[in-house]
Every structure is written in structure tokens, then in C-alpha cells.
Amino acid sequence: MKLICKLTIIFSVLGFIWSCESPDSLEPVAGVEGKLFIEGEWPDSIQAVALIVLSSLDPGNLAAGLVSYSTPMLSPSKKSEYFFQLEPGFYFIAGAGLTIDPGIFFAKIDSFMASGNLPIVVLDKTPHLQRAIQLEDQEVIEIDQTILFSE
Amino acid sequence: MKKVILISFLLSILSAQGSITGSVHRADNGEPLLGVNVLVQNTFMGTTTNIDGQFTIDQLNPGEYTLVISMIGFKKYVVRGIIVSDEISHIDIQLAQDVLSAPHVVVTASRQAQDVMELPVSMSVIGPRKIHDRAAVNLIEVMKFEPGISSVRGQLNIRGTSGYTLGVGDRSLLLIDGVPVLGSGAGNITWTMVPMSEIDHVEIIRSGGSALYGSSALGGVVNILTKNAPTKAETRFRFKSGMYSEPKYKQWQWRSQPGLFNYLDLTHSRPIGKHSAYVRFHKAKSDGYKRQGWTDANNITGKVKFNFGERYNASLFANYYADKTALASQWKNAANPFSAPSGEEDDYTEGTKLHLNGFFNMILSDKTFIKLKGSMYDVWWQNHSATNDNGIDEQKGYGEILISTTLGQSTQITAGLAGQTAKIRAGVYGDHSSLSMAAYIQAQQRIGKKLTLNTGARMETYFVDDEKLDESLAPQIALNFRMFDWLSFRSSVSSGFRVPAIAEMYTRSQLNIFKVEPNPDLIAERSQAGEVGMTVKLPGNKWLSDMTMDVVAFKSTFDQLIEANQNDKGIIHFENITDARISGLEVSLLGAMLNKSLLFSTAYTQLNPEEIDKDGNTIDTLAYRFRYTLVTTIGTRLMGVTATLENRYMSRIERVKLFQENAISGEDKRVPIHIWNASLGYDYRGWDFLFRVENMFQYYYTELERNMGEERHLSLTVSKKI
């Protein structure tokens, strides 16, 4: 009788555990990753460079279409890696220069976004700039980007 | 519990003082028990049984005494009304096994031996069984199953006090055999150097402990009591070997071979005349579950216990630890969470730590004893990073004198002086020194038969670089009302403080876009804490027995809490920026079912961690705190096989600070934590086998942003005593 009780409890517990799903566990994400290269000398006005992801391409109002940004590369670095985690969909990727200290940019990003005036400039001399991509679920696209600064 | 008490009176050898002698045996098979603690209640006299289970306590003044006989794994036994005159009193005791295997007498809460039902503050006690059944190599992994305790990337949190402070400035104090082992520079705890195989038990004060233990005990105290060498020669070894599973998603897999880990403990102990000693070697080698997760460590530990007769004894403990460990600040990215960022693949740290501590006990009379403590801590640590090479070299010395005396039959007074000095040379801090001096007093008074009142205070003065930094007074008042043998209530109110660590005041560093700059103007943070709790022990019946339930509600407020904060220029400083309030509830329940063949324990913790303004209004949730935690363990022995199942649930961390969420995309990798562990053990002719799987369902989570939690791993542990 005691053995039956024990086995009943043990198998009940095991059954309960196996029935427990873990819907919150992290899963693979979709996004874009790659290397970012700088060619040419950094201009004095640019303190850091980042790639930005836009849902719509309107250079006059970047804040409206801004979806994500990469960790900024500090002057005078020449190479870094980036990754954007994105939901499946259609995006534009562009190179952008930060005209202020990146630390200040992140400390005040909420107020910059609210004002719609981002302290960044689109680096429109960059090859591969404003690349359009289509992302599927759990898909990671690898794209290397090069930003050309004028000599 | 079968018991036989025989009290006989024989002729006294001493004319003015008497003795108590006796023997202790197992109730189930009559074998003598070695190493049983025998204490004379309300005095400092006591001893342990020898290999034949016998003991003698001499030089007792004539009077009526109570003996408390206890040993982990057995039920406590109390013998009252022993008359000592000019004769020898003899008693024989038979101890029944305790299925819950937890210590009944603790020493940390008031620096005196106390029954767990008479504690004035909340305390968890981890006995050797909890460590053995988890084959644990890191104490935090065991402590996480206690109420109110969690960790964020190895940083201990007692009732959410610490959060995550970049690995510096812990708000919990670690003691080994009652002596602090904190590093003075970063103020952090090195858990990997704790000699797990030599732990007798661990006592954790979950409410603030500053009144007795000073700065760093703001959030609580972890006191590791190490084993004494047995009085016969023996050699023990434990070998744990296992492997990490590959990530279940192909996109995350990063190596072709499974990661392995091996841990070896080899201990030899023996008597040396009246004294005893052990030496232990520990080797740890792990590939880790992620790209930069490997470690390679060696640890040598030794302890000598000196017995200079009935009234004098001493202990010397030494621990040398050397390691090389991979250094990883974060994952490569969310698509490659087990890989390291480019350029950090070969980063590592190496270091050595030497910790010596010792004490000398002098029992001046059955009412008074003096304890001298001392310790020395030497740390060398070097960072080998492609971007940021620096190192730390520091030495710390600690000394303490404690006197404890009993006044009448009802009051015990403990007072002491302590001092600590440290010198540190570090690439990121510069060269600094610190000095602290403290005086403390604690009184424990019995009021009637049911009420115990503890009052105390500690005064401490700190100097950094020969300049006075702060002076703090931490008082405490605590009450225990033991209404019945099976029911007690407790309540305490205390103040606490923590002076800033050198690292918090002087760190200057830059990692990528994060700049950390010094803030030498930091001042001590202070707290006021209160709690009300209740412990109930229910005998039960054959279906449900040995039940212990503990319920406690607590509330702490913090002034000038030190946190790493980013200013509007993007520069990180440690600042006295936050006032905070943490309130909560802990409920724990443990017991046995089905004629004690099925054991269970569960602990629920609810926290309300708030950042508040000067008027007490809530501003935000404190970062890196779990609001809800539920841990459950169930175990059984069936046909010689021991089976254990564990579950740990922690709610999603609501706020982080290190890597702010992407405000634009809403990227957020924080999820609740659901971990299942299981183990199967078998004892075959003295060979102890334990198979264990942790995170059995491969649940993926982060405790700290951009740091994946531990992958599923399987292990087999074999241990043997020769």
C-alpha cells in the first residue's frame, strides 16, 4: 500500500512536470548581423558611427522611421561588429554619424526621440547605404557594411 | 524516539567542583556516536563525544544544569535537572535520527549557541545533506533554495538588498568560522573559494546584521562553519564529472564537442596527539556552457584544531586558491547568445587568494569566556584583455577580541572590539588604504520562561587614505516569544550601514561606450529594518509529519543607497542617489510524508522593491530584483535509491540598468525563470553515487542583460570515505 502511494505521488509529480510548458524560454531571434568598416579619416564633427534601421526612408524625419540602432563605434575605430534584433518585416539600413558623445546620446535618447530631432546625420556617401531587406521569422541575415569618409 | 536516561551519583574527585560524564548512542542500532555536541545550557561549558560516544565535562560549580545534546542528522535531546554537587553525574543518551537533517543549535544570530526556535531574527540553516544531495560546487547554488535568497550573475541577494552592482559592494557579509572574508577593494565575495566539501553547515541571517557584524552586513550574514577533523584518521574523496548539453536550437550551437567539467576533492584528516588536522585539495576544470565560460582552478585548504584541555582550544584555517577564468562581459549578440563578442574570445583573468584565519577560546569559568580572532587575506588578480589590462594587489588584516559572560541565570552579555586594515594597489582604483575600528555589545535576556530579549549595538569608524570617512552606530532590538515548544514568534528592529568600497569610490575605466569615473565623495548608505515572524513545528501523523512552517513579513528602508548611475553626460558614477524601500513576505514549509519516506520543502518569497523620493513616494522599481520567487524540493528513498526533484521559479526582473532596453524596437530579452533539476543517488557498500541533471528542460533565460543563463548539464558524483 505504501509503495503504491509513493509511486502514485512520484508519477503524479512527474506527469505534472512533463505537462508544464515553458512558453517564456528564450528562442532564436530574427535580425541582421555583420561587420562595419570605416574607410578614410574620421571628420571632426562625427564622434561615433552607428548603423540605423528604418521602417520608412525619410532623411528629413529620421525619428519617425527609426526602428533600431547598433552599438556606436567610437572615433577613430576602423572596424566593429553589429547586430539588430528585428521582427520579421521590411526595413532599410543606413549608416549614421553621431554628432554628440554617444554616452550623452543614450542617456537622453528618450528626449531626443520625443523631440523628433536626433543628433545624427545620414552618411549618404556610403556605399551600400540605405539597403532594403526582407526578414523572415528566426532569420538572421549577414551583411557587411563599409562607411566611406571623405579624404 | 526511544530514549533511556540513567542518572547515577558517584563519589566526587574534586572537592569544590563536579563533573558530568555520559555516553551517546544511536537509538536505532545502539552504535556509539562520534562528534556529538554536548553543551551545558546557559554556560560556556561543553564538549564533543569521542570515538566511543563518551564525554566528560569537568570543573562545574555545584548547581542544577541542563544539557543540550545535538548533532546534525539527529533530533536534539535536552536533559534537564542534572544536579552537580561534589559528585560525578552520569547520563546515557540515545539519539533518534532526524529525517530533515538540519542543525538545531546555531551561533551566528547572537554570537552564542541558540536553539533555532528561540532565534530573535530570521535565519536559514543549510545542513550537509542539502549540499551533498546537490553535489554542489558553488554555495550560491544551494542558497538559492532558501527563502528570501536569490542571485544575479553570482551576486548574492538576501531579500533583494544587493540587486546587481557590477560585482562590487556586496551588501551581504561572508564569514568563515565567524571571521569576515570579504575582499576590501571591490567588497565582493569569491564564492568559488569556499571549501564546499568541508562545510559542516551554513547559517544565514536574512535580516540585517550590522549591529553585530558591522558594515557589509547591511543585508544579511552568511556564516560558513567548517568541519573539525574527526578524532580518527580518514581519507575522503569526491569526484564530480559531467557535461553540458548542446543548445537545443541549431542556430545557437557553437562547438562540435560537448563541454565537459570535472571537480575533484581529496581530503585527509587525522588526530595529532590531543589535536587534529585535515588538509584538502580541490581541482576544478570546466569548459563552461558558453564560449567564454571556462575555468581552471586549484584550491588547497587546511585546518588544525588545537585542544589544550577543557578550557582552552584554538583553530587555524588556511585556504589558498589559484585560478584562471575566462572573462566575458556579455554575449556576442542575441542571435549568438553562447558566443563571445569579437575581440574578447581570448580574454581571461588569473589570480591567487590566500586566506588565513584562526581563533583562540579561553573559558575563564562556566559563566565567562574570551575569544580572540584574527585573519589575513591576500589577493592578487590580473586581467588579460585585448582592450583593458589591469590588476589588483591587496592585503587585509583583521583582529577581534570578544568576551561573553552570563549574569545570573537569565542574562548573557557579549561585547567585543574589532579592527580591520587593508592596502590596495589596482590599475582601475589607484593605491589606497583603509582602516576600520569597531566596538559592539549584545545582551540576551530571558524574561520568564518564554520570552528572550536581544538588544545590542555596534559603533564603527572608517578611515580611507588616513582620512576619516564615516562613523556609524547600528542598534538592534529583537524579541522571541516561545509560546509553546512547537510555536514561537519573533520580532526585530535594527539599523544598518555600509561604507562604500574602494572600487565604488575610485574606479576609473572605460569599456566600449561606457565610461566609469571616480566619486570620492561617496558616503555610507544606511538602513532601518524591521520584521515580524512565526515558526510552527507540528508533529503530525504517519501521513504527514515533522512539519515546520515559518512565516515572516519584513520591511527595510535605505537612505543614500549607492548605485551605479549614468549622468546626463553618459558617464557612470557610483552615487548616493537612491532612497529605497523593500518590503515583503517569506513563507517556508518543510516536512515529511508517508511515514517519513517522502521529504519536501518549499519557500515562497514576495518582494516589493521600490526606489522612493524623500517623501516616501514611489519613483520606480529597484533594478535587478525578482518580485516573486518559489522554490520547491521533493525527495524520497525507494529501494535504496534516493531521488530528488527541484523546481525554482523567479518572476521576470522588471528593471535593468546596465544595458538599457532598446527604447525604439522594444528589444527585451528578460523572461521569468523556470528551472527543473533532478538527481538519483545510490549508496553501494560505502561508495556513494549521485547522478544529477540541472536545467533538465533546457530553459533559456538571462539574469543579467546579454548573459545567457546556464545550459542543461548532467553529472555523476562518486564519493567515498576510507
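**Close-up views of a predicted two-chain model**

**View 1. Surroundings of B:Ala678.** Leaving aside residues up to four places away in sequence, B:Ala678 touches B:Thr644, B:Leu645, B:Val693 and B:Met696; two residues are in contact if their C-beta atoms, placed from the backbone, lie within 7 Å. The model is predicted: local features need pLDDT of at least 70 and side-chain atom pairs count only at pLDDT 80 or more, whereas totals for chains, interfaces and linings use all residues. Residues are numbered from 1 along each chain as its sequence is written, and chains are lettered from A and ligands numbered from 1 in the order in which they are written. B:Ala678 is found in strand β40 (residues 673–684) of chain B; helices (H or I, at least four residues) and strands (E, at least two) are DSSP runs, numbered from the N terminus. B:Ala678 is classed as partly exposed because 16 other C-beta atoms lie within 10 Å (buried is 20 or more, exposed is 12 or fewer, partly exposed is in between, with C-beta atoms placed from the backbone). Between the C-alpha atoms of B:Ala678 and B:Asp688, 10 residues apart along the chain, the separation is 17 Å.

**View 2. The contact between chain A and chain B.** Chain A contributes 37 residues and chain B 38 residues. In chain A, α1 (2–19), β1 (31–39), β3 (66–69), β5 (79–85), α3 (102–107) and α4 (109–115) each supply at least two residues of the side that touches chain B. The most come from α1(A), with seven residues. This side of chain A has 21 nonpolar, seven polar and nine charged residues (nonpolar: Ala, Val, Leu, Ile, Met, Phe, Trp, Tyr, Cys and Pro; charged: Asp, Glu, Lys and Arg; polar: the others, Gly among them).

**View 3. The two domains of chain B.** Domain 1 covers 8–95 and domain 2 covers 105–721, with bounds from an automatic or database domain assignment. Their C-alpha centres lie 35 Å apart. The contact takes 18 residues from domain 1 and 16 residues from domain 2. On the domain 1 side, β3 (37–40), β5 (54–60) and β6 (63–70) of chain B give two or more residues each.

**View 4. An open sheet in chain B.** Five strands follow the order β11-β16-β17-β14-β15, with mixed pairing; two strands pair if DSSP finds at least two bridges between them. The edge strands β11 (123–126) and β15 (179–180) each pair on one side only. Four bridges join β11(B) to β16(B) (residues 199–205), and the two run antiparallel. B:Val125 has B:Glu203 of β16(B) as its bridge partner.
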